Amino acid sequence: MKRSHVRGWLVGALMASVLLAPIDAQANRQRQQELAKGVTIKDRLGKYIPLQLPFTDHQGNAVTLKKFFGDKPVLLTLNYYRCKTLCNVQLNQVVKGLKGLDWKPGKNYRIVTVSIDPRESAKLAREKRQNYLKSYGRGEVDWTFLVGTQANITRLSNAVGFHYKYDKKHDQYIHVPAIFFLTGSGRLTRYLHGLK
């Protein structure tokens with residue numbers, strides 16, 4: 001190819017990218033707005049979650065949510081373990097908050113983290129749990145990491161009012177951060193929104 005032809009092709013490609021950039025940016029904004037529709041937390045204070053829902057814990061055991069309720073209040077988070085952004089930030093903030101408390105998980109309350117990604121395994125849940133317990137620095141505490149089927153994840157997330165979406169293009173979940181506080185009987189008593 002002659003040099004003049006190469007130069008002409010490059011100029012054409014550059015002009016096309018400059019002209020199409022605003023279109024791409026607008027398309028991305030529209031796509032993000034579409035993805036964000038319905039991603040929210042709907043207040044379900046006073047409602048009960050279905051404690052009979054089955055999940056698998058970080059040790060690979062089949063359990064129902066009922067195992068974690070009864071004599072202590074429960075701090076519940078819904079995240080996914082492969083997340084490289086928001087979930088890690090949220091769980092790091094949970095650990096930071098826990099470090100400032102005299103109360104210890106297991107003695108005064110329990111923590112349950114449930115993955116919203118049905119493809120995740122108990123092995124991955126176990127690895128994540130080990131990382132966060134190491135960061136917490138108080139040894140073995142009552143913090144369980146669960147995985148489950150899409151049907152059971154959806155039933156739980158709907159029960160607490162946690163509405164999220166899966167972005168297939170980027171293989172990620174779009175959601176807002178929140179922590180759910182429940183009584184020992186599984187009744188929602190408080191939401192903590194955001195990352196602090």
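**Helix α2 and its surroundings**

Modeller: In α2, the buried residues are C87, N88, Q90, L91, V94, V95 and L98. Seen down the axis of α2, they fall within an arc of 165°, so they line one face of the helix; the arc is that of the directions from the helix axis to the C-beta atoms. This is a predicted model, where local features need pLDDT of at least 70 and side-chain atom pairs count only at pLDDT 80 or more, while totals for chains, interfaces and linings use all residues. Residues are numbered from 1 along each chain as its sequence is written, and side-chain values use heavy atoms, with hydrogens and water left out.

Biologist: What makes C87 buried or exposed?
Modeller: Buried means under 20% relative accessible area, exposed over 50%, and partly exposed in between (1.4 Å probe, protein chains only). C87 has a relative accessible area of 1%, so C87 is buried.

Biologist: And why is K96 called exposed?
Modeller: K96 lies in helix α2 too, but its relative accessible area is 58%. That is over 50%, so K96 counts as exposed. K96 is also 9.3 Å from K196, C-alpha to C-alpha, although the two are 100 residues apart in sequence.

Biologist: How do you know that the length of α2 agrees with its 14 residues?
Modeller: The expected span is 1.5 Å times one less than the number of residues. For residues 86-99 that should give 20 Å, and the end C-alpha atoms are 20 Å apart, so the two agree. Helices here are DSSP runs (H or I, at least four residues) and strands are E runs of at least two, numbered from the N terminus.

Biologist: What do the buried residues of α2 pack against?
Modeller: They pack against β4 (74-79), β5 (110-115), α3 (122-136), β6 (143-147) and β10 (178-182). Contact means heavy atoms within 4.5 Å.

**The sheet**

Biologist: Which strands form the open sheet, and in what order?
Modeller: Seven strands, in the order β3-β2-β6-β5-β4-β10-β11, with mixed pairing. The edge strands are β3 (62-64) and β11 (188-193), as each pairs on one side only.

Biologist: What makes β2 and β6 a pair?
Modeller: Two strands pair if DSSP finds at least two bridges between them. Two bridges join β2 (residues 54-57) to β6, so they meet that cut-off, and they run antiparallel. The bridge partner of D57 in β6 is L146. Helix α4 (residues 150-160) packs on the sheet, touching β2, β4, β5, β10 and β11.

**Cysteines and a loop residue**

Biologist: Why is D171 called partly exposed?
Modeller: D171 is at 29% relative accessibility, which falls between 20% and 50%, so partly exposed is the label. D171 sits in the loop between β8 (165-167) and β9 (172-174). Its phi is near 50°, a positive value in a residue other than glycine.

Biologist: How many helices and strands does the chain have?
Modeller: Four helices and eleven strands. Buried residues make up 40% of the 196 residues in the chain.

Terms used:
Axes are lines fitted to C-alpha atoms, for helices over the stretch in contact, and angles run from 0 to 180 degrees between N-to-C directions.
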